[in-house]
Amino acid sequence: MFIETQTTPNPATLKFLPGRQVMPSGTRDFPDPESAEASPLASALFSMGDVTGVFFGSDFVSVTAAQGTDWAALKPQVVAILLDHFVSEAPLFMGGGADGIAVPAEADAVVEDREEDADVIAQICELIETRVRPAVAGDGGDIVYRGFSEGVVYLQMQGACAGCPSSTATLKQGIEGLLKHYVPEVTEVRAA
């Protein structure tokens with residue numbers, strides 16, 4: 001088995017591609033060791049000490065290292081843990097699958113969506129799903145809709161994108177421009 005690695009726009013995060021499916025659907029963000037207790041793989045990665053975040057995508061695992069960590073030393077250790085996990089076909093989550101675990105509730109919406117904005121919100125969510133999420137996943141992360149109010153769209157970055165120095169530019173120049181172009185009711189995009 002070969003695990004490919006890719007850099008991400010976030011210098012603290014590397015994207016690892018095992019050449020097989022990681023998550024059958026959705027994504028899972030582990031921003032700290034406590035949240036990783038649901039996954040033996042995420043727990044093993046955090047146990048190395050220098051890992052500050054783990055993110056599972058459909059076909060990749062993003063790992064974020066603490067500031068000042070030398071990736072040249074950490075990368076082989078991460079690859080070894082990933083190889084052991086995937087070669088042994090160990091379950092990704094305790095209990096064998098995502099169905100048997102308690103997944104932390106998604107963060108509450110920043111603002112309550114109003115019923116009269118339903119059409120606009122549907123357009124926003126469709127663009128995020130079809131245009132934005134695939135691009136963000138390519139960089140080792142995900143983006144989650146958190147609300148719309150008075151022209152402002154609230155989005156949360158996850159995985160490699162959460163602490164990325166260019167995430168503000170991604171939100172403001174990339175995503176905001178796209179949403180404003182296709183949905184005239186959007187005036188601004190803010191991080192949630």
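Author: Start with burial. A residue counts as buried under 20% relative accessible area, exposed over 50%, and partly exposed in between. This is a predicted model. In it, Phe56 is buried, and Phe93 is buried too.

Reader: How many aromatic pairs does the structure hold?

Author: Four. Take Phe56 and Phe93. Their ring centres are 6.2 Å apart, with 70° between the planes. Planes over 60 degrees apart count as edge-to-face, so this pair is edge-to-face.

Reader: Which parts of the chain does the pair link?

Author: Distant ones. Phe56 sits in strand S4 (residues 51-56). Phe93 is in the loop between helix H2 (71-87) and helix H3 (118-138). The two residues are 37 apart in the chain. Ring pairs also bring in Phe30, giving a cluster of Phe30, Phe56 and Phe93.

Reader: Which residue lies over the face of Phe60?

Author: Lys15, at 4.7 Å from the ring centre.

Reader: Now the salt bridges. How many are there?

Author: Six. One of them joins Asp142 and Arg133, at 2.5 Å from N to O.

Reader: Is Asp142 buried or exposed?

Author: Buried, because its relative accessibility is 3%. Arg133 has 22%, so it counts as partly exposed.

Reader: Where do Glu176 and Lys180 lie?

Author: Both are in helix H4 (residues 167-182). They are four residues apart, about one turn of the helix. Glu176 is buried at 11%, while Lys180 is partly exposed at 38%.

Reader: Which residues form a salt-bridge network?

Author: Arg114, Glu116 and Asp117.

Conventions. Residues are numbered from 1 along each chain as its sequence is written. This is a predicted model: local features need pLDDT of at least 70, side-chain atom pairs count only at pLDDT 80 or more; totals for chains, interfaces and linings use all residues. Side-chain values use heavy atoms; hydrogens and water are left out. Rings of Phe, Tyr and Trp (its six-membered ring) pair if their centres lie within 6.5 Å; planes under 30 degrees apart count as stacked, over 60 as edge-to-face and the rest as tilted. Buried means under 20% relative accessible area, exposed over 50%, partly exposed in between (1.4 Å probe, protein chains only). A charge sits over a ring if NZ of Lys or CZ of Arg is within 6 Å of the ring centre and within 35 degrees of the ring normal. A salt bridge is a side-chain nitrogen of Lys or Arg within 4 Å of a carboxyl oxygen of Asp or Glu.
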